[in-house]
Amino acid sequence: MIVYGTIVWKWGFPQMSSIYILGGIAAGIVCRYSPNHLADTFIEGGRAIFGGVIAVGLARSISVIMEKAGVIDTIIYYLSLPLKSFSTAASATVMFVVQTIINFFIPSGSGQAMATLPIMLPLADILHVNKQVAILAFQLGDGLSNLCYPTVAVLIAYLTYTRVPFSRWFRFILPYMVIVWILSVIFTVTGVLIGWQ
């Protein structure tokens, strides 16, 4: 319904949100939840995403302030100076590494997108990195490190629930992370070499 509505009827966030709410209510009715239980479940769901909502709001406010004050152009300019001597493939790799580091501090994907993409996409234009490759660097940097960062609330919740200490999990997952990070660099460089648009 959401895919159809966004393509055909040009729905925005309010319309999509209403479909999610109606879907949640319908699922509660099918599961025979009482109105009180359904309301409690909605509140619990809201509490679970509250941290992400705050991160998105703060990141968006920082983005707006930087944009309106003209600070973002200065940041892009000075970031581009040392990277101009790099090859396009090396610049794309640096973008992936930067996104991976930033994900430690902003583990919310949407919050990280709000904070970094207004800088990374114009920077990609200056460095002749295709925007699709810059988005790939963002997605790989944001997504994969969620498996090993202690700042990711969902990971910590799962580890707490299963009673696995984070140090044990980190030792277990680190070899896999090294492999996928190397593969990520290969995919990013391949995107540059094939001119992925």
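Cysteine 148 is buried, at 2% relative accessibility, where buried denotes under 20% relative accessible area, exposed over 50% and partly exposed the range in between (1.4 Å probe, protein chains only). The model is predicted, so that local features need pLDDT of at least 70 and side-chain atom pairs count only at pLDDT 80 or more, whereas totals for chains, interfaces and linings use all residues. Residues are numbered from 1 along each chain as its sequence is written, and side-chain values use heavy atoms, with hydrogens and water left out.

Cysteine 31, by contrast, is partly exposed, with a relative accessible area of 49%. The structure contains zero disulfides, a disulfide being a pair of cysteine sulfur atoms within 2.5 Å.

The largest nonpolar core comprises 22 residues, of which Met95, Leu123, Leu127 and Val129 touch the most other members. Such a core is a set of buried Ala, Val, Leu, Ile, Met, Phe, Trp, Tyr and Cys residues joined through side-chain atoms within 4.5 Å. Two or more residues each come from helices H4 (71–83), H5 (88–105), H6 (109–126) and H7 (131–143), helices being DSSP runs (H or I, at least four residues) numbered from the N terminus. The greatest contribution, six residues, is that of H7. A second, separate core of nine residues includes Cys148, Val152, Leu155 and Leu159. Beyond its neighbours within four places in sequence, leucine 127 is in contact (heavy atoms within 4.5 Å) with Ser80, Leu83, Lys84, Thr88, Ser91 and Met95.
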